[in-house]
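Reader: I have the sequence and the model open side by side. Could you walk me through a few places in it?

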Amino acid sequence: MRRGFLLSLVLVVLSGLVPFAGTAAAAPAVCPDAVVPPPPVDTSEQPPPGVASPAPLPVPKAAVGGARMGECGVVYPSGAAVPPDTTAASWVVQDLETGEVLAAKNPHARQRPASLIKTLLALVVIRDLKPDQVIVPTVEDASQECTCVGLVAGGRYTVDLLLHGLLMHSGNDVAHAFATALGGVPATVRKMNELAAELGATDTRAATPSGLDGPGMSASAYDMSLIFNYAMKQPEFADSIATRAVQIPAQPGKPAFSIVNDNKLLGTYNGFLGGKTGFTDDARHTYVGGAEQNGRRVAVVLMRAENRPTPVVNQAKALLDYGFALARSNASPVGHLVSPVVSEETAGSTSDVAGVSDAGAAAGEKDPFGVTGWILTLVVAVIIVAGFVIGHHRKKGQGPQAY
């Protein structure tokens, strides 16, 4: 009788194991553009003959920044007002001080960043070059596909001045001149991608220094929020994007001229701190910008947006308004930006994806042994106990049983 009860218990536990294990191993929802950006509309991403296109970046097993960052569609706090409509395929609203994600839409969808990638280039420049260092552009630097500041080959420009031109006017000629000074385009792209990994930007791969489309180019609204948050802590970056106008000194064959910041919210939106715009045919319109009001600092990123029926800058303004409203209401955040890690920590990380902070792992990663592992351990223990009891009874003279 006792033996039959123990065997029944084992069968009950085993029968319950299958659906339980199936639930634990269920695959997460696959959101749009989770692996690669949408197909290109032109040939800008075709690699040179004989060169293979880069494989897609790995997708982390757990959403970086918390479980809700893995949701599809619009993500906002329970009980909060619905976010404003935008044309953007993905966007993120963040608290610049705390790194909390206040609301989002497809935050980890992989898009093309266009000139937003210049934010990452600027961080490499700030880290590797001195502000007063003089750069002399080459003919190739000065001949890039524009938007351009208008550099003169053989002219002399300080790094600080060029950094303003890079961020205020999105100069592709400046981006190439920086790449030349940093050791060439391949070396610069490598440095940009190494920095992205250190920051925990797992959706980001630069293919060009300027943001012109290239093979394997990828980013996400979450990653660009992460990069912008870090960039705003660098005084040289924050100063450059907040500058309204700067004069480019005279160069051989070209008189002095001024460039004006192309971000239309600067000087028109209350407390605007600055930002960056971008556009290519494949990326469509991209945007990042932040503002400070009543002691709160909020920033927005929009990816793959359209200028019609509402200009992207106005869509960004609406999201900033929404972010400040959420901040005032103390609504619960829907995620967080992971903390940057240094190269040594990244190399020694046991996370599935290098660059994910402890906070990010805690928010989304499970016990490596898993629920199923513990259940199997329990079942084995029950079987062992049952075998011991049965063997004990058999030693007392009970005949062998068929089971």
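Reader: Let's start with A245; which element is it in?

Author: A245 belongs to strand β6, which covers residues 245-248; helices (H or I, at least four residues) and strands (E, at least two) are DSSP runs, numbered from the N terminus. Before going on, this is a predicted model, in which local features need pLDDT of at least 70 and side-chain atom pairs count only at pLDDT 80 or more, while totals for chains, interfaces and linings use all residues. Residues are numbered from 1 along each chain as its sequence is written, and side-chain values use heavy atoms, with hydrogens and water left out.

Reader: How accessible is A245?

Author: A245 has 47% relative accessibility, so it counts as partly exposed, given that buried means under 20% relative accessible area, exposed over 50%, and partly exposed in between (1.4 Å probe, protein chains only).

Reader: And what is A245 in contact with, neighbours within four places in sequence aside?

Author: With those neighbours set aside, A245 is in contact with M168, I259 and V260, where contact means heavy atoms within 4.5 Å. For I259, the C-alpha to C-alpha distance from A245 is 5.6 Å, although the two are 14 residues apart in sequence.

Reader: Changing topic, which strands pair with β9?

Author: Strand β8 (residues 272-280) pairs with β9 in the antiparallel sense over eight bridges, and eight bridges also join β9 to strand β10 (residues 296-305), again antiparallel. Two strands count as paired if DSSP finds at least two bridges between them.

Reader: What do the turns look like, and which residues stand opposite each other?

Author: β8 and β9 form a hairpin with three residues between them, and G278 stands opposite T286 in β9.

Reader: Why would you call β9 largely enclosed?

Author: Because eight of the 10 residues of β9 (residues 284-293) are buried, the strand is largely enclosed by the rest of the structure.

Reader: What about the second largest pocket, how much space is in there?

Author: The second largest pocket holds about 500 Å³ of space. Of the 25 residues that line it, D262, T277, G278, F279 and H285 are the closest to its centre. A pocket here is found on a 1 Å grid over the protein atoms alone, as an open set of points where a 1.4 Å probe fits, with protein on both sides within 12 Å along at least five of seven lines, and lining residues have an atom within 4 Å of a point. A volume is the space filled by probe spheres set on the points, which are joined across faces, edges and corners.

Reader: Which element gives the most to that lining?

Author: That is β8, with four residues, while β8, β9 and α9 (312-329) each supply at least two.

Reader: Last topic: which residues touch the most other members of the largest nonpolar core?

Author: In that core of 63 residues, they are L166, F178 and F237. A second, separate core of 23 residues includes L265, V312, L319 and L326. A nonpolar core is a set of buried Ala, Val, Leu, Ile, Met, Phe, Trp, Tyr and Cys residues joined through side-chain atoms within 4.5 Å.

Reader: And how much of the chain is buried?

Author: Of its 403 residues, 49% count as buried.
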